[in-house]
Amino acid sequence: MVDKIIIDGLAFSLPLFAMAIGGIFSEKSGITMLALEGIQGFGAFCGAVAFAYLQPVISGGTQVIIYPVLFAAMLGGMIFALLHAYMSIRFRLNQVISGVVVNILAMSLTIFLTGLINESLTGESSNKIWLGAAPRFSVPGISKIPVIGAIFRDLYIFAPFIVFFAVISVILLYRTRFGLRLRACGENPESVEAAGCSVKRIRYFALAICGLLTGLGGMNFAFTFSANFSPTIYMGYGYLAIAALICGNWDIRRTFLTCLIFGFARSGGYQLILKLGMSSDVSDLLLMIPYVLTLLLLLFFSRHNHPPSALGSDYEYDRR
Amino acid sequence: MEGTADRPVVVELTGIRKQFPGVLANDDISLQIHQGEIFAILGENGAGKTTLMNILFGLYRPDEGKIRIRGQEVEFNSPRDATTLGIGMVHQHFKLVENYSVTQNIILGLEPLKKWLGLFPLVNEKEANKEVARLSDHYGLSVDPRLMVGQASVSVQQRVEILKMLYRKADILILDEPTAMLAPQEIEHLIGVIHELRRHGNTVILITHKLDEIKRLADRCAVLRRGRLIDVFDVGTTDTAKMAATMVGQAVDLEIEKEDRPFGEPVLEVEDLTVMQEKNVAAVRDVSFTVRSGEVVALAGVAGNGQVEIVQTIYGQMKASSGRILLNGRDITGHTIRTRIREGISYVPEDRQKTGLVVDMSLSENLALKTYGQLPFSKRKVLNRAAFRRHAEKLIESYDIRSGSGEATIVHSMSGGNQQKAIVAREIDLGNRLIMFVQPTRGLDIAARAHIHRQIVEERAKGHAILLVSLELEEIMELADTIGVLYNGVLRKIAPAEELTVEEVGKLMLGVA
Amino acid sequence: MKQEMKAKRLPRLRSSRLLIPLVSVVSTFAVLILVFVVIGRNPLMAIYSFFQGSGLGLKPSYSKSSSMLTDFLSYLGILSPMLLGSLGVVVGLRGGLFNIGVSGQMLTAGFLATILVGYSKLPPPVSIPLVLLIGLAAGAILGAVIGWLKYRFNVHEVVSSIMFNYIVSFLTGYFIKTKYVDPIIRSSKQVAANAKLQVIFQTSSGLKLVVPIGIFIAIGMAFLIRFYLERMAGGFEIRMVGFNREGAAYAGVPIRNVMIRTMLISGALAGLAGVTYYLGYYSTIVPKDLPSLGYDAIAVALLGNLGPVSCILSSALITIFQKGAVYMSASTGVVREIASLVTGILLLFSSLGVSMRDRSRHYD
C-alpha cells in the first residue's frame, strides 16, 4: 500500500511541481502569477490537438509522438503566459485581474475550439478529446528495492522531462546571471534598470519559461489523470500550484516539498478509502482533501512568508 | 582646486531639454565639465538637477540636445552605454536589492563568469567576492562582501553604491545628494572619500542643495532653477550668499520668529517605551521623554535608529512591547488609531502619498480623511457632500493649497508641495494638542519649507505640543526647543537645544561617547 | 451650486468613462463577426439569434406555451443572478479584494435554502423572505470567512475562494447524492413551487408568465449598493481601503472590520445570486457543478467599470449571449460555448479598459 501511495503521489506531485516552478519564475521576476490554471489548460489543449492530428499519422507509438505533443503543449503554454505578460507589462493591468482574465479566457477558448475541432475531425461536436492514458515505465534495478524503489517504479513518461527541467531551473534561477538579474527584478527593478539591463525583457523571458513549464505540467495532467482533454482539465490544480509555491516561500526546493505533501495526501487519502472499503459517494468527500489541506497550509504559512518585494507592483517600464 | 579650467572637457551637455507631463524638467541646459574637477550642481528640490544627471547616466533620453563625452558625441540607450564610457551614478534613493549580499549588488549586470563543465556560464561568486574586497581596500571604502545589504547601515549602503561605480571602472562619478542621510561625522568621512577619488584622477559631479558642502568640495558650481541653468560660478571666488540668491531667485522670507515662552503642562509623556521588531530585535529600547504644551521636541538620529518607530507607536501604527504612553494624562498605550486621533493626536507622516493621503480620492475627501464619520461630514452614517466641499474650500483658502480643479481634484495630480500643504492643513485644522511631524519638508523647495516651518512655530505659539522627527540637523537646530538623539533605538541624550552643539549631536547620532 | 455640479459632471461623460466600455463592446462584436465568418455562418443572423433567444427579438415561430414575452421573462430570470453576482464582485474589488468565489457562495446559499426551505410547505409570504434571508446569510458568512482569513493570516483571497469553491462543490455534491437526490434527473429533488422566487400569471391566451422576483431585488440592490459606496460612511471606508490600505489605517479606519465587512457584503450578494439561480431560474442543483456564472460575473463587473448601476447594462449585455446561446446554437449549428468565448473576449477588452483609467477613477 505504501508503494501505491508513493507511486500515485509522485504522479500528482511532479506535474504540480512543474507548474509551481513556472509560477516561481514569474513571481520571482515580479509578476503576480494567478494564471497557471489557464496556462496549463491551454497548454494541455495544444498538446491534445497535436495528439489528435498526429496520432493517426505517426507510427512508432508513444515513444515518438510524445515529443511533438510535448512541444505543442509547452509552446501553447508559453503563448498564454506571454499574453498575461503582455497585459501586465504593456498595459500595466492589475496582475491579479489579468491572471484571472487569462484563466477565464483559456477556459472559454479551449472549450469552444475543442467543439470546433471535434466537429471537423469526427463530425460530432463533443467537448472531449480522447487521449488515453500515457504509458509508464520503471527504472530497471532500483525499482525492485522495497519501498524506496517505488519512487522509480511505474513512472509516467513525463517524469524524466520534469526532473530534467526542474534541475535546469534550479541552476538557471540561482546560479546564472540571468537568474541573478531575474530575482533582482522581483525585489528592486530600479536597481536592474540602473545596471543597464532591461526589466521588460527579463520579465518576458521569465513568463515564457513559466509558460513552457506550466504547459508541460498541464499536458501531464491531461494524459494521466483525465485521459482526455475536456472541461475537467480545469480542476483547480493551477491554483494548487500557486498555493504550493506560496507555502514553499518562493523557493524551488521548498516548493518541491509542498508539492510532495499535496501529492501524498491525495494518494494517501485515496488508499485509505480503498482500505476502509467506503462507498464511492464518500470517496467524493475525500477528493476534497487536497483543497482543504491547501487551505490549512496557507493558513500556517502565509503569515511569515516573504514574497518578492516588488511582486505585482506597478512599474513604469518606459520612463525614458 | 586651481587650474581645472585648463584640463580637457570630459562632459559637454548642449541644449538639453526634457519634458515630463505637466513640467519642463530641463530647459535648454548647456554645461561643460572638465577632467578631474569636482563640479557641483546646485538647486532647490524640483529644479531639475537629478533629471539632468539621469540623462547623463543614460536613464532618461533627452527630448532635445546633445551629449559629448571626451569630445565624442554620444547617444545613450541605457545606463549600460553610459557605464561603458566611464560614467557612474549614486542616486539619492539607493538602488539596492536588500536581500542580496554586498557583492551581488555590486556585480549585478556585470557578473564575472566561470564555465561549469566547460559549457554552462555560471556566476563566479568567489572571484567576485575577491574583487570586491580588493576594491574596498584600494579606495578605503571598507565593506564586508558577504553582508546582506538590507542589514547594513546607510553609510555602508552608500559605500556599496560607490563601489558599484568603481567596479565598473567609472571615472566620471555622479553623486546625488550624498550627504542627505548621513551623520555629521559620516559626512566628514565622505568628504575625505571624494577628495581621495579626485586624487585617483576621477571627475566628480555633486548634486546638492547644501551650500557649505559646495564651498568645501567643489571647484565650480552650476545653479539650476526651475529647469534652467542660471549661472556657473567659480566656487573659490563666489560667496555663499550670492549662490543662495541665484538658487532661489527671489527674496524669500526665511526669518522665523520664535518666541521664548515658558512651557506648559505635559501633553505627551512616553515612559520606558520598548518596541520589538521581528527576530527579537528592539527597534526602540526603554525610551522616555515628555513634550509639554508650547514645546517643540525634536528626535534626531541617522535614519533607521528608531525615531520613526517611536512616532508610529505613539500614533498606534505599531505596538509597544512595554512601557506607557500618556496623552493629556491619560494612558493611551493600548488604544486604536481612531481613538488616539479623537483623543487629540495629529500626525504628518513621512510618506505623503502612501500614508498621509489616498491619492486616488479627491482633495475634499482627503481633507476629511479622518473626520468623515463625524458631524458635520456625515449625519447618521450618510455623508454630507456639501459639508466636505465647504470644509475643503475653507482650507484651500487659508493654507493656499493649489490644485487643478479645486476641491474635486484627484490628489494624484497635485504637486508634492501642495499635497504636503493639504496634509499639514488637515492635521492642524483638527486642532489637536499634540502634533507629530516626520520629515515634513522632504522634497520641498525653500519657500514651501519656510512656510511649513512657520506653521510649526505658529502651532507652538498656540500652546500645542510638537514632536518633530527630521534627518536634517539644520531643520532641527532651527525649530527645536529640546533635542533628543537616538542611536540603535536608545535615547542617548535629551536636552534643551541651547545646551547642545552640532558636533555633540553628531557624535551621539553615531554612537560615539 | 447645483448648476455648477451639473456643469462639472458633463465633461466626465465625454471623457473615457463611457468610451472604453463602448470600445470593448464594439471590439468584441468585431471579433465575434470575424469568428462567425471564419466558420462559415452569416454573422448578423447569428448575432441576432442571440437576441431572439433572449426574448429581445422575434423568433420565426413559437411553441404553444411560449412567446417572446416568456422568453424575455426567462432572460430576466437568469439576468438576476448575473447582476447580483457582479455586484458582489464590484463591492469586493472596490474594497481591494477579488471575490472569485461567487460560484461557491452561490452554491452554498442555494443548497442551504433548498434543503431548509425548498422542500417545506411554507406559504410564499413566509418562504420567500426566508429563502432570501438564508441566501444573504449563507453567502455573507462564507464571504466573511474569506475576508477574515485574508486579514488574519494573509491568505490570498483568490486562492482561498477557489479552494472553498471546490470544497463546497464536493460537500454539497456528497449530500445531494446521498440524501437529496432525485434519481431520475440525477440532481437534487426539485424545489417546491411555493418556495420559488417567482410570481406566476396565467394570461387569457393560456400562456404561463413566470415573473422572477429576483430581477426587482437585483436592480434594487444595484442602486442600494451605489448609494452605500458613494454616499455612506461605511462605503467610503471600503473605498478608502480599496485605494490605499495603509492610508486608510493611518486615517483610523479599522482595517480588519472593513475587510471582513467588504467580503461579507460581497458574499451576501453572491448568496442572493445563488438563491435567485437555484430557487428561481432553476429548481434543482446538479452535484459538483459549479455555475460558470460566477466567472461571468467578473466580466460583467469589469465591463461595468466597477460601477453598480453600470452593471445593470453590462450584465444585460452579457446575459444576452449566455441566454441566447441555446437558440443561437440551434439555429446556426455553432457550438454553444461560443457564448463563453464572447464573455472571455469581452472580459479581455474591458479589463484593459479598467487598467487604462486607473489614474482617474470615476465609477457610475
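Two residues are in contact if their C-beta atoms, placed from the backbone, lie within 7 Å. Keep that rule at hand for this tour.

This is a predicted model, in which local features need pLDDT of at least 70 and side-chain atom pairs count only at pLDDT 80 or more, while totals for chains, interfaces and linings use all residues. Residues are numbered from 1 along each chain as its sequence is written, and chains are lettered from A and ligands numbered from 1 in the order in which they are written.

**Stop 1: chain B**

Select chain B and colour it by secondary structure. The C-alpha atoms fill a box of roughly 70 × 50 × 50 Å along the principal axes. Of the 513 residues in chain B, 49% are buried, meaning that 20 or more other C-beta atoms, placed from the backbone, lie within 10 Å of the residue's own.

**Stop 2: two domains of chain B**

Now colour residues 1-86 and 171-251 of chain B as domain 1, and residues 95-168 as domain 2. Such bounds come from an automatic or database domain assignment. The C-alpha centres of these two domains lie 27 Å apart. How many residues of domain 1 of chain B are in contact with domain 2 of chain B? Eight, and they meet eight residues of domain 2. On the domain 1 side, helix α6 (residues 184-199) of chain B gives the largest share, three residues.

**Stop 3: a helix in chain A**

Move to chain A and select α6, residues 177-187. Nine of its 11 residues are buried, so this helix is largely enclosed by the rest of the structure. Among the buried ones are A:Leu180, A:Arg183 and A:Glu187. Show the neighbours too: the buried residues pack against α1 (2-28), α5 (159-175), α7 (189-194) and α8 (199-226) of chain A, together with α3 (102-107) and β8 (120-123) of chain B.

**Stop 4: where chain C touches chain A**

Finally, show chains A and C together. Their contact takes 35 residues from chain C and 37 residues from chain A. On the chain C side, α5 (124-153), α6 (157-180), α11 (293-303) and α13 (338-356) each supply at least two residues. Which helix of chain C gives the most to this side? Select α6(C), with 13 residues.

Technical notes. Helices (H or I, at least four residues) and strands (E, at least two) are DSSP runs, numbered from the N terminus. A residue is buried if 20 or more other C-beta atoms lie within 10 Å of its own, exposed if 12 or fewer, and partly exposed in between; C-beta atoms are placed from the backbone.
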